[in-house]
Amino acid sequence: MTRAWLQKELRDHWLALIVWLGFAAALYGLLLFGLAEDQARGSWLEAPRRFAIGWSLLGTTYLAGRLIRREYNSRTQLFLEALPVSRTRVLTTKLVLGAALTAGVFAVAIGIATAIGGATQAHGPRLLAFVSVRVLSVAWFVWALLAMAALLGRYRIPLLLVLGLALMALAQFTSLELTNLGPARLLGDELPYEDAVLPWAALAQTWAGIALCLGVSYALVLARDGLLTVQLSDRMSHREKVYVTCVLLAFLVGLGTLQATQKPEPFRLSDAVVAGKNGARVEVSAELEPELAQELADRMLRILESARAEVGLDRLPGLTLLPTRELDPDEAERAQVANASGVVLRAALDDPQLDSFRLTMVALHDVVSKAHDDRAMKETSHWMLDGFAHLQTARELQGEEGERLLWLRAALIPSQPLEPFLRRWDPAQEVLGTCLSGAAAASVLLTVETLAGPQARQRLVRRVLDRNARRSWLVADPTLEPLLQEEAGLTVEAVEQAWTQRLEAVRREHSTVLDPLRAARPELELRRLSGRTFELRHRLSLSPPPERSPRYSIRFGELGPMDVPEDENGFQLQQAQVGSGAFVALPAALVEGSRWMWVVDLPSPALRCSVRVLAERREIR
Amino acid sequence: MIRSLVRKELRDQRPFLILGLFLELLDQLSDLVTGAFAQQPLGNEIGAGYSTAGILFLMVIAFALGSGLLTREHEEGTLEFLDSLPIGRGWLFGVKIAVGWLVLMAGIVLELVALLLRHLWFHTSLDGQLHLGLLITGALLQGAVLYVGLALGVVLSFAGRLSWMLAGMLGLFVFVAVQQIPAASILDPTSIAVARFQGTDWRIPWTTLALHLTWATLALLLSLALFAGVWDRRLRKLWGFLSGPAATPITVATSVVGLVLIGVISTEVAGDGTAAVDPEPSFPEPALGQFDSQHYAFRYPAPLSQRASPLFEEGDATFQRVSALLGVGALPTPIRVDLTGSAQHTAGLAFWNAIRMDLLAAEDGEELLAVLAHETTHVLVAQTVGAERAQRLNQLLAFNEGLSRHVQRMLFPDAPDRDQGRTVAALLLARRQMRVEDIFNVGALAADQDRDLVYPFGEAIVQQLVRRHGKDAPRKVLEATGRKDAPEQLDPLSVWQDAFQTAGYDLTRILYDVQKDLEREHARHRQLHDSLPRPKPSVEDPSVAFLRIVTHLDGPLPEGWYVACRFRAEAGSPPTDYEGPMEAYDGGCFRDRRNVENNTLWVQLGVVAPGGYHVYEPWVSIPLD
């Protein structure tokens, strides 16, 4: 009876099977041709591996549709029910025929690859046996899976998709690596070469998968006297298709969104000097001399702890400090750390010339900001964060001399109304640079302290950097007037008047230091290289010319269509001599219509930082 | 009556409307949770929604809606009912298309409104403008893509269940065409709305837009004719034919065409046939020789047995020296070595436990053994990591290449290009053109600079690792990489950190040593480095068929150096598809405009030393329209 049954199947599908075999031959021929052209091929046995990946899915899908699904779709299965043959035998015959056809195709594929490659490559019987076992196991697994899916009728595609998506979700949210799982592992890159060890675990997983699929297939066929498979084979209505598609799409997008919202673990170094207390933690890479690293970690922890208490935060994110030789000693750079939280900075930590003020200020700024997911970086709050970081650092590191320096730096900026200056903080910061803008913001806080006392200044800082920053992104921050009124009992006019007077006094007192810096004259000119391309030439002169001509730096980078605050650390850098007279060309081709930003900074020993001389965004025309 | 029809259509398309709303809500919620909600909404998001993947997603949704728009009435038997209404099929068709497009546009408009509201609420003083022109341009271009996707879905829906397959074939055809001829990107409808800015302007691809809107409109007119006139008789026949007896032959035929197209992709296009070709005498294929040693199974062209003999004589000794240096034992089976050739520009290739080498690529036996040592190191590295974790070596590419080069140098110290690679690396660091960490992300390194930089930087990392932690250190890093409990799904930097951390080493410390080492290298060659000019490109006349790229130098070239150019089709082109480097003659290089994709020329200039090594500038894109 089984033989007759097989003959029936072959009679039903002989033409389709010939086409199927022809198609397999065409695909394999193309793969072999591609491999022959591929100069980077390692082994001809790569061909059956690639064939197994492609044909297992394409060819087996067709085979399952033809041998199994068609029987139920066209309702000829009902005729078979009338014959004295059990449903189990019907299904077994179809499964065996499909498995034999699949195995035959892959056996021939391995044989051809061996024949072609045997001349130049040593393919021992052990290797061939390993390749055959692995390829055939995968092929039979796919056959069993798709045969089972074929019995699911109209729900086969959604269920296969859900299976795929569930595996993806599992991989996203656990440490599961799909490529190490059963069939995927069997078809790994090493398949054409590995003849020492068989991946037994993957083989066991694959065969367990085969057994499971076969079990489900038989259960489906036998359930409710075979009625279930018949009912499932009804065509899906258009409405059903639309709903299923929408649900799957929503599931897919939702999965991605869920992954984006996962909180990362804190960043940790394997070998570091660690200092921690209350809610603060500092790590310094062990690359530094142990004493220097410990001293740095302790000092930074003390400053962070003091800042935490000043702002009233419960705990601070971890700070990690890494040494580097790629930065000048007056630079400190923030790292973008994937899959980890906390603040990671790098600087020339072991350089004797290290600008401790800059490093501490940046660390403090970022750690306080990160404490509330960077909400303090909103433009309305940012001046307070900058001012607090500069003031706290100056006091901790330099004491009164630090405050004097802050006023000196702030005095270099032109007099202007206070409220719009602080409200429009992003452009102010860009035009003034970190040193001057931070000092200006700190000088405002110092003015409040002078007028209303240290407690009032602390309330003001806590209000913006803690209480406001705890609130939702959607809640707007209060403007300057009510802020000063509520926390310090001051008006904007009063603070502005006292601030301006103090700045004027500093300007008069230190005119010999400040005037030459104000007289710095940058000159930029665009020169056309060709129809669409330009170059930028620049020079800087001081009046009166200094005895020893310093070097100025120009940082430049290309902009997008919108204006957002730019990270100047990511810009390219060029340095040139002040007052040399000759223009220097920027090492970049500027294309017409593109937008660029450049900033020019001049180091000032008196101010102990680089002074922003020019900041410009320009469309190249 | 029209109003009733609109209401009916809206009811029918409700799942798509709900899907659009759901996706938008999810997007906004996700931004709110991650804190991206308030951070420069326009500036940060203007490009994100207009990526190729995003636009393709829109096309698929529009196609899905379009493919069911007319067939549903037919399938569910409601067409007869609609025919009994006092309204023609033309109106019915028009209402369906209009409502379908509006439903699709609802998601776009909603996104636009959400973005604008967020911008109004959170904008900073740096950019308070609404940029309405830019945003509306983007939305309209997306609308055009939806229109094209909808029209494609409607017209292909007449092919019944073959519609998705035909759409896939069309997509494949466009993909192959663009691969072969970059200028064919005009055929790609997703390129209509992919964000391309020039300053503050959106670069609208007018020709592409006109082409696709025209054919989409013609497709809709054809669909209208089919729907209005011949549906009941011929079309019903055609429908039955396509869904029945023709389905299998068409599937097979289409699949064969698809395979041929895939074959075309994997095969290099031959010359254009215009050049005169000398008759090429053919010789019989050389016989192959075999030599099995303890650690290798060599297969080689028999006429080259003398050239290969150093490998036979010294191969096992080389293996032992390599394995001793790495601290790993012998392999259970010999490494299969195919000496019949390697890929272009390579002396050898390594696989899991097989090697391919080109006997003719080496000068002498010493160099052959050096290549064997290099490739053997790759094999031993992969075996040490193990098959399950071997994929991780893709992310540790610089380490893998650096270690192989290090081993090769240790065993064969007279290799010619050692100092050259180091010099380039030191120069780029000194210029701040790149950082050591950039080598972790090989894709970005290739996109911005030069993929081959993994060799010198990787070698420098391994050298410093060995100097600081001893010769067993690389093996420990590899064992840590291959351990069973290693975390999965890590980005390249985390893979490096994880491997070094588990092995007990501090990656930052090693990188620090590399920086110091390369600083010293730079100091040694400072005079040469400072004297090297930095070339800048410009296009002489963007309207001609053969573009001349003028190379501008900001100083004279040292004796023996020259300027070279190389090109790519787009930012993400793989390095194997680059054209060049080619020497600039008379201050310029040439590029056939047909090889320029999306009217944007990608060019990279570099200066080339007499020894042949290149110092490249970053890639530059020059719009030609």
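The questions below concern a predicted model.

Q: How many helices and how many strands are there in chain B?
A: Chain B has 625 residues, of which 53% are buried. Among its contacts with a separation of 6 or more, 70% join residues 24 or more positions apart. The secondary structure of chain B comprises 23 helices and 15 strands.

Q: At what angle do helix 7 and helix 8 of chain B pack?
A: Two packed helices are described by the angle between their axes and the distance between the axes. Helix 7 of chain B covers residues 89-122 and helix 8 of chain B covers residues 132-156, and their axes lie 10 Å apart. The crossing of helix 7 and helix 8 of chain B is right-handed. Their packing angle is about 150°.

Q: How many nonpolar, polar and charged residues are in the contact of helix 7 of chain B with helix 8 of chain B?
A: Helix 7 of chain B contributes residues including B:Phe93, B:Trp101 and B:Leu112, while those from helix 8 of chain B include B:Leu135, B:Gln142 and B:Tyr147. The residues of this contact divide into 16 nonpolar, 3 polar and no charged.

Q: On which residue is the kink in helix 13 of chain B centred?
A: Helix 13 of chain B, residues 305-326, spans 30 Å from its first C-alpha to its last, close to the 32 Å expected at 1.5 Å a residue. Its buried residues include B:Phe312 and B:Gly315. After the helix comes B:Gly327, with a positive phi near 75°. The kink, of about 55°, is centred on B:Glu314.

Q: Is B:Leu368 buried or exposed?
A: B:Leu368 lies in helix 14 of chain B, residues 365-385. Leaving aside neighbours within four places in sequence, B:Leu368 is in contact with B:Arg307, B:Leu311, B:Met357, B:Asp358, B:Leu359 and B:Ala362. Because its relative accessible area is 2%, which is under the 20% cut-off, B:Leu368 counts as buried.

Q: What distance separates the C-alpha atoms of B:Leu368 and B:Gly348?
A: B:Leu368 belongs to helix 14 of chain B. Along the chain, B:Leu368 and B:Gly348 are 20 residues apart. The separation of their C-alpha atoms is 9.5 Å.

Q: Where is the kink in helix 2 of chain A centred?
A: Helix 2 of chain A, residues 46-73, has 28 residues and reaches 38 Å between its first and last C-alpha, close to the expected 40 Å. The kink in this helix is about 45°.

Methods. Residues are numbered from 1 along each chain as its sequence is written. Chains are lettered from A and ligands numbered from 1 in the order in which they are written. This is a predicted model: local features need pLDDT of at least 70, side-chain atom pairs count only at pLDDT 80 or more; totals for chains, interfaces and linings use all residues. Side-chain values use heavy atoms; hydrogens and water are left out. Axes are lines fitted to C-alpha atoms, for helices over the stretch in contact, and angles run from 0 to 180 degrees between N-to-C directions. Helices (H or I, at least four residues) and strands (E, at least two) are DSSP runs, numbered from the N terminus. A crossing is left-handed if the near helix is turned anticlockwise from the far one by less than a right angle, and right-handed if clockwise. Contact means heavy atoms within 4.5 Å. Ala, Val, Leu, Ile, Met, Phe, Trp, Tyr, Cys and Pro count as nonpolar, Asp, Glu, Lys and Arg as charged, and the others, Gly among them, as polar. The expected span of a helix is 1.5 Å times one less than its number of residues. The bend at a residue is the angle between axes fitted to the seven residues ending there and the seven starting there. Buried means under 20% relative accessible area, exposed over 50%, partly exposed in between (1.4 Å probe, protein chains only).
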